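Reader: Hi, I have just opened this one and would like to go through it slowly with you. Could we begin with how the strands are arranged?

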Amino acid sequence: MYESSEQIMYTIVLLVGFLIAAYIFHETAVKGKSCTSKAKLHGKTVIVTGSNTGIGKTTAIELAKRGARVILACRSKQRGEAALQDVKRESGSNQVVFMQLDLASLKSVRSFAENFLKTEPRLDILINNAGLFIFGRTEDGFGMTFGVNHLGHFLLTNLLLDRLKECGPSRVVNVSSGAHNWGTVDFDCLNTHKDLRIGTSFVAGQRVYADSKLCNVLFTYELAKRLKGTKVTCYSLHPGVIKTDIIRNTSPIFQLIALNVLRFFMKTPLQGSQTTLHCALQEGIEHLSGRHFSNCTAREVLAKAKDPVTAKKLWEISERFCDL
């Protein structure tokens with residue numbers, strides 16, 4: 001009887017210890033730091049792509065609360081207009097506008113930029129947030145993940161750069177992922193197949209997503225070099241593993257695992273938006289232009305993510321793909 005009670009007590013102590021450790025892990029490693037900037041954005045204009053859901057929508061709400069005029073740049077008119085009402089209601093601001101943007105169509109990107117430049121006099125912050133991993137081809141024949149995650153944002157940024165320069169100090173924020181560490185850029189495959197790699201397996205899908213996220217980091221690195229001498233700075237970031245619907249196009253098995261097994265290790269959209277907000281708002285980080293951030297902190301990246309030859313080559317092939 002005594003041994004049994006002792007075993008029960010031992011088990012309880014282990015369980016309590018595990019729960020305490022899990023809580024500490026969640027609060028530090030998962031939840032992470034928060035943006036500490038108190039900046040107000042009255043009179044400023046911000047574009048957030050992919051802002052009808054997830055961290056993009058939360059980012060838009062937080063920026064609207066600070067007084068910014070926020071442009072929700074989304075593909076789906078129905079979902080974008082629904083998000084518009086949500087963002088207005090949750091932020092208490094009427095300075096929120098929906099403008100249709102399909103990053104899988106270079107024509108749509110050009111149309112969006114033209115419309116924006118005609119109707120909006122300012123652009124202070126561009127947040128390239130939209131992202132997906134899905135097979136298929138864009139309207140222009142590029143791999144869908146490459147086309148949306150990198151190429152569409154590359155064109156959009158270049159078309160809006162002059163306005164950003166006119167309104168400086170201004171910022172470009174590219175939402176990447178820690179997955180960029182496992183990515184590569186196969187220029188032969190890009191030239192031959194207009195995609196980062198070939199294959200339609202689940203593993204291939206994950207790898208091309210990582211490749212596209214590496215493109216985001218390299219794009220930011222090269223963009224910062226080209227912006228030297230201007231009042232525009234740029235940053236890439238890893239938001240964390242977020243509980244959003246970005247996995248809606250993956251297999252049912254992966255969705256089951258992600259939502260039920262990994263959810264304890266996932267951030268909420270509000271937690272996941274903090275590093276985006278930090279890069280968009282934090283004072284005194286201008287000298288860190290081109291750097292990669294995680295958990296509201298500048299991080300060192302692998303050599304391949306800041307290789308000047310690769311970054312320049314990616315820029316040049318992207319210019320050619322976009323007919324710039």
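Reader: How do β2 and β3 pair?
Author: Strand β2, residues 69-74, pairs with β3 in the parallel sense over five bridges, where strands are DSSP runs (E, at least two residues) numbered from the N terminus and two strands pair if DSSP finds at least two bridges between them. This is a predicted model in which local features need pLDDT of at least 70, side-chain atom pairs count only at pLDDT 80 or more, and totals for chains, interfaces and linings use all residues. Residues are numbered from 1 along each chain as its sequence is written, and side-chain values use heavy atoms, with hydrogens and water left out.

Reader: And which residue in β3 is the bridge partner of Ile-71?
Author: The bridge partner of Ile-71 in β3 is Val-97.

Reader: What order do the strands of the sheet have?
Author: The eight strands form an open sheet with mixed pairing, in the order β3-β2-β1-β4-β5-β6-β7-β8. Its edge strands, each pairing on one side only, are β3 (96-100) and β8 (297-299).

Reader: Changing topic, which residues touch the most other members of the largest nonpolar core?
Author: They are Ile-47, Phe-112 and Val-185, in a core of 51 residues; such a core is a set of buried Ala, Val, Leu, Ile, Met, Phe, Trp, Tyr and Cys residues joined through side-chain atoms within 4.5 Å, and buried means under 20% relative accessible area with a 1.4 Å probe, protein chains only.

Reader: Where does the largest share of this core come from?
Author: It comes from α5, which supplies ten residues.

Definitions and conventions: Helices (H or I, at least four residues) and strands (E, at least two) are DSSP runs, numbered from the N terminus. Buried means under 20% relative accessible area, exposed over 50%, partly exposed in between (1.4 Å probe, protein chains only).
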